[in-house]
Structures are given as structure tokens and as C-alpha cells.
Amino acid sequence: MSGTLYLVATPIGNLEDITMRAIRILKEADLIAAEDTRNSIKLLNHFDIHTPMTSYHEFNKYDKAETLLSKLRDGENIALITDAGTPGISDPGEVMAKRCLEEGIPVVPVPGAVAAVNALIASGQSTRRFVFEAFLPSDKKERQNVLNGLSGETRTIIIYEAPHHLRKTLSELEKCLGAGRSITIAKELTKKHERFIKTTIEDAIKNYETEEPRGEYVLVIAGKPKEEVESEKAAAWENMSIEDHIMMYMDEGLDKKAAIKKVSEDRGVPKRDIYKVATTI
């Protein structure tokens, strides 16, 4: 019988944020796979946990995954932890979870702190719908593609950023989303110097012209206002023929009847008048 992979969330700053269940699992596991053993040993020592550790990080995530899978097949239970927060979110835990499920090995999440969620709930931005982008890609072309994709995003956007890249990222966001877009900058979550700044992208850039970025940041950015989206849509079909307007919606996946209804609503024209033109499509 195989063992179990436990994805154990650890504190993102304040050590009091660990759960009793997480401590128990870390003590009972046969092995702890840690992103950085030098960092994690401080956590384990604090809670008097003496379980053996091994490193599992971005640069060995594929080869080491096979070694860990072998141990799991032999019945060992492994607790996987990241440097801070929940494993599997922007770290190699994703690979292990996927490989285990492919082989029918149980994967059990042990929930706890997630920087993105903590930043969101205290951001003052809309929490109903959101998209998590983690760290933007370092590759220039891929990064620009992601930013272009965010330009039309109506959900709240969450991005992680390191201090030495913050100014550059804010400038890119200004070009992509506009200077007046609302943004909350969450800094050093759960730590002594935790801070939330709700402002605009333009004012955030001005602030960091004089203030040196320090610590880890989570950027929580308002989505594109629906009024702006509707206005842009209206501008897009303003000079279209009715036939092209119908085809625009059909190309988006609507059937002809639904497309005609949308065109009728857009133009404020009775559906019967749109149907007359649509007979040629």
C-alpha cells in the first residue's frame, strides 16, 4: 500500500499562523520535502519537529520527484512544504501533486496561509471574482503576452512581486491598465511591518520614486470597469454593418439566434429588424 503526500501550508511570516494539524503531520511524516532545508530547519526547530528533511526545489523538481515517488510507492508518508505559505502555488509542489495523482497516490492538502488570499481580503478591492497571476514571467515576450491578456481583465488581478522589480512592474502596469486604475499594494504580510496601501497605479509609481521598495509585495489590482468594456464594445461595432455585428458574436461562440438578440440589445433595434438582415447569413 502506498504512502500519502501531504501538502502542508506553513506561515508566511508570523509563526503563530501554523495550524495544530500541520504540526502533527510534520511530526508524524516519514520525510519532509522542503524547498530550502536551511530555511525550514528554523521552523522545525521552533516547533520541536525532528522529522528527516530532504530538499525539493525548482531546480530538481523533476528528477527528485521520481525519488520521492519511489518512497511513496514503498509506503512512506511525505510532507511537502515551501519556504512560506501553501505548496503548489507558484512552486514545484505542483509537479509532485500531478505525478502522485497520475499514479493513484493519495494527495492530502493541509490548509493554512496563502499570501494572495490574505492580500485580497484586506485590499479593499472586489473579492467576488479574481485572477491570480503569481510572478509575471521573466521572458520579455511571454511577459508582454501576459500583460496584454490582463488589459481586458474585468476580475480583480493578484500579482506577486519582489522589491527589486516593483518599480518596473508598476510602470508596465501603468502602460497596460492605465494610470488611474485602482491598486492595493500589500507589503510584508503577517510580519511586523505589514502594510496595505490603496491608491492608483500612477500614485504608486510616484510613491516609489522616493521610497525604496523593501520586503515582499502582493499587488491587488481592480479589474477593468464593465462600463469601459461596454463602451469599447459599442465603439467596435459602431461602424460595422449589421451582418458583421452578428458574425462578431457568432465568432465568439453564440448561435445565430443568440447573436441576433445581442445585436438587437446593442443597437436598440427590434429583433425583427435584425432578423430581416440576418436572412443573408
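Me: Lys and Arg count as positive and Asp and Glu as negative, while His and the chain ends are not counted. On that rule, how many positive and negative side chains does the protein chain have, and how far apart are the centres of the two sets?

Reply: The model is predicted, so local features need pLDDT of at least 70 and side-chain atom pairs count only at pLDDT 80 or more, while totals for chains, interfaces and linings use all residues. Residues are numbered from 1 along each chain as its sequence is written, and side-chain values use heavy atoms, without hydrogens or water. The protein chain has 39 positive and 45 negative side chains. The centres of the two sets lie 3 Å apart. Each charge is placed at NZ of Lys, CZ of Arg, CG of Asp or CD of Glu.

Me: Why is Pro 87 called buried?

Reply: Buried means under 20% relative accessible area (1.4 Å probe, protein chains only), exposed means over 50%, and partly exposed is in between. Pro 87 has 5%, so Pro 87 is buried. The residue sits in the loop between S4 and helix H4 (93-102). Leaving aside neighbours within four places in sequence, Pro 87 is in contact (heavy atoms within 4.5 Å) with Leu 7, Val 8, Ala 9, Leu 80, Ile 81 and Thr 82. Over the whole protein chain, 42% of the 281 residues count as buried.

Me: What makes Glu 194 partly exposed?

Reply: Its relative accessibility is 39%, so Glu 194 falls in the partly exposed class. Glu 194 is in the loop between strand S8 (182-187) and strand S9 (195-200). Not counting residues up to four places away in sequence, Glu 194 touches Lys 187, Glu 188 and Leu 189.

Me: Which class does Asn 207 fall in, and at what relative accessibility?

Reply: Asn 207 has 27%, and therefore counts as partly exposed. Asn 207 is found in helix H8 (residues 201-210). Its C-alpha is 9.9 Å from that of Arg 167, 40 residues apart in sequence.

Me: How do you know which side of H1 the buried residues lie on?

Reply: In helix H1 (residues 20-28) the buried residues are Ala 22, Ile 23, Ile 25 and Leu 26. They cover an arc of only 165 degrees around the axis, so they lie on the same side of H1. The arc is that of the directions from the helix axis to the C-beta atoms. Met 20 and Glu 28 are exposed on the other side. The buried residues pack against strand S1 (5-8), strand S2 (31-34), helix H2 (37-46), strand S4 (78-81) and strand S5 (107-110).

Me: What arc do the buried residues of H10 cover?

Reply: In helix H10 (residues 242-251), the buried residues are His 245, Ile 246, Met 248 and Tyr 249. Their arc is only 150 degrees, which puts them on the same side of H10. An α-helix has 3.6 residues a turn, so residues three or four places apart point the same way. Gly 253 follows H10, with a positive phi near 115 degrees.

Definitions and conventions: Helix = DSSP H or I, 4+ residues; strand = E, 2+ residues; numbered from the N terminus.
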